[in-house]
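User: Hello! I am new to this structure and would like to go through it step by step. Could you help me read it?

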Amino acid sequence: MTTTRKPKAKDTIKAAKPAELEIDVLSADITGIETPALVVNLFKGVKQPGGATGAVDQALDGIITRLIAEGEIKGNAGETTLIHTMGKIKPSRVLVAGLGPEDKFDAQVVRRVSAEVVRFLRRKGISKAATIAHGAGIGGLDPEESGQAIAEGAHLGLYRFGHYLTKNGDSSTEFEKLTVVELDEARAKAIKTGVLLGSATALATIIARDMVNEPANHMTPSRMAEAAQKVAKDQGFEILVLDNPEMKMMGMGAFMGVAQGTDEPAKLIVMRYDGDPGNPENNLGLIGKGITFDTGGISLKPPGGMEAMKGDMAGGASVIAAMQVIGQTKPKINVLAVIAATENMPGSSAQRPGDVVRAMNGKTIEVINTDAEGRLVLADALCYAREQGITRLVDVATLTGAMVTTLGKACTGVMGNDNKLVQQTIDAGKKTGERFWELPMFDEYKDLIKSDVADMKNSGGRQAGSISAALLLAEFVDGAAWVHLDIAGTSTSDRASGYLVKGATGVPVRTLAQLAMDLAAEGAPKKSGSKTKAG
Ligand code: BES
Ligand code: MN
Ligand code: ZN
């Protein structure tokens with residue numbers, strides 16, 4: 001007999017989710033507004049502040065100039081100095097934020113400074129502040145760019161994952177409201193546009209962070225599908241979720257080989273945004289690895305640090321989240337998202353080392369190591385996207401530990417078969433502040449994945465681990481332009497720094513969305529074999 005147990009309160013820990021930060025833009029004179037803290041800024045090495053900071057300095061009888069002269073304010077990036085105004089101006093406090101050297105200043109500095117500032121204020125128990133638009137003056141940023149960077153930095157820097165803390169673990173107050181102040185009305189309007197876009201990209205990034213930080217007993221493939229369904233519903237996308245029997249029928253033997261080790265149902269999540277329905281060739285496929293927990297399978301991982309493998313679905317999460325931004329910004333391009341979600345478990349029917357699987361395109365793979373599962377699930381996801389007519393592919397995956405060894409956490413490894421698309425991805429990253437670095441895909445490396453019994457093997461041993469993994473993926477793109485992003489290092493951060501906090505980063509959500517916008521702006525790619533082809 002089965003009894004249905006009523007869920008107790010504990011089973012449905014409904015997170016005390018922090019209230020979302022509100023950011024507004026006000027056209028006013030900064031010294032005249034009533035606020036607990038007014039944020040101004042200073043470049044490194046400036047002895048006599050000008051602009052808005054200079055105006056505040058004068059109203060405060062030169063206190064900022066004096067603190068600079070005494071060496072207390074240096075203007076280093078991320079430096080924060082709090083001054084009480086003692087009724088001399090309307091704002092109760094002034095916070096001087098260092099911007100670092102002027103020649104190194106860009107939107108990324110603004111994101112970092114904005115994050116450090118709001119976290120500093122939160123630590124001080126201050127929940128509201130006003131700020132000038134960093135860099136929109138002598139910094140050389142457009143007001144819109146500045147507004148976007150301020151919003152991204154503030155939202156992402158304040159992020160905390162507290163879903164399972166029943167006693168409010170971090171008892172500090174929430175930071176609730178930031179007001180960006182700009183006297184000129186036209187510029188204030190541009191800042192507002194930037195704030196709206198920055199809030200959208202940051203809140204989508206937070207969707208990805210939440211999914212990655214969520215433990216694997218909660219963030220199952222089914223829950224990933226639900227998260228995608230929510231995005232699809234909110235944005236009015238078509239969504240299709242394939243289950244194991246359908247995927248088996250379609251010949252996804254590589255994906256199903258991984259999925260057979262767990263009782264948890266696997267999902268192929270397919271989201272479709274039709275931004276240019278008249279031009280099907282104007283398309284982009286975003287493919288995500290969604291391993292909701294990677295034990296390694298029969299080639300079991302050592303226990304130390306295995307809990308981090310709850311984040312092995314970060315690629316899939318970033319694709320789902322990027323689709324939200326794409327739905328909001330509506331670029332003129334068709335985007336297909338394909339996320340291959342399953343656990344990699346060593347269940348009694350798990351695949352074994354030595355097994356040979358056949359992917360959807362008929363190619364066979366010898367499974368040398370069941371822990372090299374990401375490339376197996378992606379092989380079928382790439383085939384599926386190709387069958388759907390996608391001719392430009394970007395896959396995102398926490399694919400190899402070797403990537404963490406090679407590039408650490410400072411940048412994402414990029415590989416691909418199309419120089420233009422690789423460069424466009426790197427360039428999109430320059431705009432978002434997410435960094436990418438290309439690794440070579442020389443033919444010589446192909447020997448690493450040669451198998452005696454199948455078309456290829458899924459592990460190339462210890463040499464060039466990230467490249468051999470990418471070379472396997474390349475076998476499944478069937479002539480399409482393709483870029484592979486290995487986010488094994490960049491999907492998480494060890495500590496709070498700038499707009500990153502400890503745990504999931506949400507990389508590369510903002511870059512994927514930016515790339516879709518850039519490709520849309522460029523227009524449909526020329527068909528290969530057309531008459532305009534260069535001789
Ligand atoms: N998910 C891991 C890669 C990974 C490692 C991501 C560390 C993030 C942090 C992947 O599935 C894996 O296990 N790769 C193996 C491949 C090897 C068996 C060929 C690896 O990198 O050790
Ligand atoms: Mn693995
Ligand atoms: Zn993995």
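Predicted model: local features only at pLDDT ≥ 70, side-chain atom pairs only at ≥ 80, totals over all residues.

User: Which residues coordinate the zinc ion (ligand 3)?

Analyst: Residues are numbered from 1 along each chain as its sequence is written, chains are lettered from A and ligands numbered from 1 in the order in which they are written, and side-chain values use heavy atoms, leaving out hydrogens and water. Donors are N, O and S atoms within 2.8 Å of the metal (3.2 Å for Na, K and Ca), and water is not among the atoms, so sites may look incomplete. At 2.0 to 2.4 Å, the zinc ion (ligand 3) is coordinated by Lys289 (NZ), Asp294 (OD), Asp312 (OD) and Glu373 (OE).

User: Is the site of the zinc ion (ligand 3) octahedral or irregular?

Analyst: Six donors count as octahedral if opposite donors are over 155 degrees apart and all others between 65 and 115. Around the zinc ion (ligand 3), the six donor atoms make angles of 78 to 174°. The site is octahedral.

User: And why is the arrangement around the manganese ion (ligand 2) irregular?

Analyst: The manganese ion (ligand 2) is coordinated by Asp294 (OD), Asp371 (O), Asp371 (OD) and Glu373 (OE), at 2.0 to 2.2 Å. The arrangement is irregular because the six donor atoms subtend angles of 70 to 169°.

User: Which residue bridges the zinc ion (ligand 3) and the manganese ion (ligand 2)?

Analyst: The two ions lie 3.1 Å apart. The residue that coordinates both is Asp294.

User: Which residues come nearest to ligand 1?

Analyst: A residue is near a molecule if one of its heavy atoms lies within 4 Å of it. Of the 16 residues around ligand 1, the nearest are Lys301, Asp312, Asp371, Glu373 and Gly401.

User: How far is a polar side-chain atom of Lys301 from an oxygen atom of ligand 1?

Analyst: A polar contact here is a pair of N or O atoms within 3.5 Å. Asp371 has a side-chain N or O atom 2.8 Å from an oxygen atom of ligand 1, and a polar side-chain atom of Glu373 lies 2.8 Å from an oxygen atom of this ligand. For Lys301 the distance is 2.8 Å.

User: What is the average pLDDT of the chain?

Analyst: pLDDT is the predictor's confidence in each residue, from 0 to 100. It is below 50 over residues 1-15 and under 50 over residues 529-535, while 94% of the residues score at least 70. The chain average is 95.

Note on methods. Contact = heavy atoms within 4.5 Å. Polar contact = N/O pair within 3.5 Å; in protein donor to acceptor, adjacent residues only side chain to side chain. Tetrahedral: all angles 85-135°; square planar, octahedral: opposite > 155°, others 65-115°.
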